[in-house]
Amino acid sequence: MGVRSQRYSMLVEDGVIKALNVEQPGQYEVSSAEAMLKAL
């Protein structure tokens with residue numbers, strides 16, 4: 001399956017990273033759509 005990146009979510013506005021949420025291996029907490037919507 002090849003090399004994969006870590007699971008993360010990112011909020012970018014006008015090319016500027018406003019939020020970067022990187023998950024720990026095996027976790028699914030900070031990168032979910034629900035977590036990102038709460039942060040907005």
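The exercises below explore this predicted model, each with a worked solution.

**Exercise 1.** Find out how strands E1 and E2 run and how many bridges join them.

*Solution.* Start by locating strand E1 at residues 8-13 and strand E2 at residues 16-22. The two strands run antiparallel, and 6 bridges join them. For an example of facing residues, go to methionine 10, which stands opposite leucine 20 in E2. Then look at the hairpin of E1 and E2: it has 2 residues between the strands, and aspartate 14 takes a positive phi near 50 degrees.

**Exercise 2.** Which residues make the nonpolar surface patch, and which strands supply at least two residues each?

*Solution.* Begin with the residues: Tyr8, Met10, Val12, Ile17, Leu20 and Val22 make a patch of about 540 Å². Next, turn to the strands: E1 and E2 each supply at least two residues of this patch.

**Exercise 3.** Is valine 22 buried, exposed or partly exposed?

*Solution.* First place valine 22, which is found in strand E2. Its relative accessibility is 40%. Partly exposed covers the range between under 20% (buried) and over 50% (exposed), so valine 22 counts as partly exposed.

**Exercise 4.** Decide whether serine 32 is buried or exposed, and find what its side chain reaches.

*Solution.* Serine 32 lies in the loop between E2 and helix H1, which spans 33-39. Because its relative accessible area is 7%, serine 32 is buried. Finally, follow the side chain of serine 32: it reaches the backbone oxygen of glutamate 29 at 3.5 Å.

Key
Residues numbered from 1 in each chain as written. Predicted model: local features only at pLDDT ≥ 70, side-chain atom pairs only at ≥ 80, totals over all residues. Heavy atoms only, no water. Patch = residues over 30% accessible without salt bridge, like charges linked within 9 Å, V, L, I, M, F, W, Y side chains within 5 Å. Areas by Shrake-Rupley, 256 points an atom, 1.4 Å probe, with all protein chains shown as cover. Salt bridge = Lys/Arg side-chain N within 4 Å of Asp/Glu carboxyl O. Helix = DSSP H or I, 4+ residues; strand = E, 2+ residues; numbered from the N terminus. Buried < 20%, exposed > 50% of the residue type's maximum accessible area, 1.4 Å probe, protein only. Polar contact = N/O pair within 3.5 Å; in protein donor to acceptor, adjacent residues only side chain to side chain. Pairing = 2+ DSSP bridges.
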